[in-house]
Amino acid sequence: MNQTPAPQSANDPAVPLVPGGPSSRPEQGSFFGHPRGLSTLFFTELWERFSYYGMRALLILFMTAAVDKGGRGFDTNKAGAIYGLYTSGVYLAAMPGGWLADRFIGQRRAVLYGGIIIALGHFSMALPGTFFFFLGLLLIVMGTGLLKPNISSMVGGLYPEGGARRDAGFSIFYMGINLGAFAAPIVVGTLGEKVDWHLGFGVAGLGMVFGVIQYLVGGKHLGDVGQKLQSEPPAPGQAERGGGSRTVGFAVVGVLVGLLVVLQVLGVVDLTTAVGLANAGGLIIVTLALAFFAFQFTAGGLDATEKRRLAVIGVLFICSAIFWAGFEQAGSSLNLFARELTDRTVFGWQMPASYLQTVNALLIISFAPVFAWLWVWLNKRGLEPSSPAKFSMGLVLLGLGFGVMVAASLAAAGGKQVSPLWLVLTYLLHTLGELSLSPVGLSTVTKLSPPRALGQMMGVWFMSMSLGNLIAGRVAGQFEAMPLPQLFGAVAAVAIAAGLVLSLFVRPIRRMMGGVH
């Protein structure tokens, strides 16, 4: 989910080239008619998503399980805050992860190091004790930040010709993501919920080890893709500007640290608790986003058209954060609903709650080709909705899904268990919303961004997802404190209201987009 840098020839002496020398190219036509290197990246991503979604399916269940049942015994407020910090951290880490690869270690090594660090994180969580639990979460965030943005860039590097073939390659790659996300809750969930939590975390790490091994073995098929550093040393006349950028970066970090210290002293935030850290994290993300947009408007050197397009990105940023704040309830509040209030007995066997985390991946695999065909079909007839209209649809579908959960929670009043079909219907609506909004958002940002600031804008777009994940965790923390119809109803109302308000402004927003559909 990041921009794809233009492929470069390899000249990084710190990274050994595969056999074939500097001109080594990826092998062609060996994986569904695509470069054979795609299979290497496909299975690396599959195993990384297996490890991530397997652990994610267990995380809040493990944190809220009683200590005598092997869990951490956290209340839902603390568990939700930790969950939000973790999932938001994964998206935030993608920005420095991409920067480190571009400037210092290259994409090829970044993916390798990232996979190793992720595996170590899962193995750390396989050990008992609070220290190893939090160390594991930190390592997984760091490793994912290195692997996730750079493996996507390497997929693009396999197709120097660009065009439809590259799009098809990404579609195949996306299938690997969802296959891993589908299998993980079944394997990891069964072991974690039915046998031992730590064994589940360990198996997730073993999956990442498989991914690293096949990445090393299949590296010879990648040619020189991912070998070169994407950011060249500045020309003599540009050195000062690079130093100035670093100075600005350090200044922003210093201001944020100072702000947090002041807020801690004033009692506005409490950095000694998970909830306080989550609140501070949200404040940091919002502050950084506002500062970025303010700087671009006032000193970014944008013309009138670019400023209008930047304003559109700002609107979509807010809508994206709202969407992910609801959608990411899947691994938190909806996961808790599956465990506490869903009848999971099938022919006398109780299905692990984490199994229901497979529904979204299965639906994505089923409906993604349908949506791809639908947009093309509508476009040929001049009926395809604009990007803001698709965003509006996504938000309304998300809200309708939570409307289903309001009905489900009313049916579960008094602790009664309800059919899992309530959750399946919710996930269906959420998946349709995701397909309407998520890929459209990425595409639209690349079209609206000034070319010279595209990398920065993609980083900001990751921030909207990070903020949404953080809010999702904080909302899930109210699972025990608020009546569920009220909790789910509030999420439904915000999402539907945001979608309807956006729909009212589709036409003026389209005019501001300056010809971008």
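Student: Leaving aside its neighbours within four places in sequence, which residues is S39 in contact with?

Tutor: This is a predicted model, in which local features need pLDDT of at least 70 and side-chain atom pairs count only at pLDDT 80 or more, while totals for chains, interfaces and linings use all residues. Residues are numbered from 1 along each chain as its sequence is written, and side-chain values use heavy atoms, with hydrogens and water left out.

Apart from neighbours within four places in sequence, S39 is in contact with F31 and Q214; contact means heavy atoms within 4.5 Å. S39 belongs to helix α1, which covers residues 37-64. Helices here are DSSP runs of H or I with at least four residues, strands are runs of E with at least two, and both are numbered from the N terminus. With a relative accessible area of 13%, S39 is buried. Buried means under 20% relative accessible area, exposed means over 50%, and partly exposed lies in between, using a 1.4 Å probe and protein chains only.

Helix α1 also holds E45, whose partner K148 is in helix α3 (residues 130-157), 103 residues apart, so that the pair links distant parts of the chain. The side chains of K148 and E45 meet in a salt bridge, at 2.3 Å from N to O. A salt bridge is a side-chain nitrogen of Lys or Arg within 4 Å of a carboxyl oxygen of Asp or Glu. By this rule the count comes to five salt bridges. E45 is buried, at a relative accessible area of 0%, and K148 is buried as well, at 15%. Another salt bridge joins E48 and R49, with the closest N and O atoms 2.7 Å apart. E48 counts as buried at 1% relative accessibility, and R49 is buried with a relative accessible area of 6%.

Next come the aromatic rings. A pair of aromatic rings is described by the distance of the centres and the angle of the planes. Rings of Phe, Tyr and Trp (its six-membered ring) pair if their centres lie within 6.5 Å; planes under 30 degrees apart count as stacked, over 60 as edge-to-face and the rest as tilted. By this rule there are 23 aromatic pairs. One of them is Y52 with Y53, an edge-to-face pair with 5.2 Å centre to centre and 90° between the planes. Y52 is buried, at 6% relative accessible area, whereas Y53 is partly exposed, at 24%. F62 is part of one aromatic cluster with F133, F134, W197 and F201.

A ring can also have a charge over it. The rule asks that NZ of Lys or CZ of Arg is within 6 Å of the ring centre and within 35 degrees of the ring normal. The charged end of K78 sits over the ring of F74, 4.1 Å from its centre. K390 lies over the face of W375, at 4.2 Å from the ring centre. The side chain of K390 also meets that of E384 in a salt bridge (2.6 Å, N to O), and both E384 and K390 are buried.
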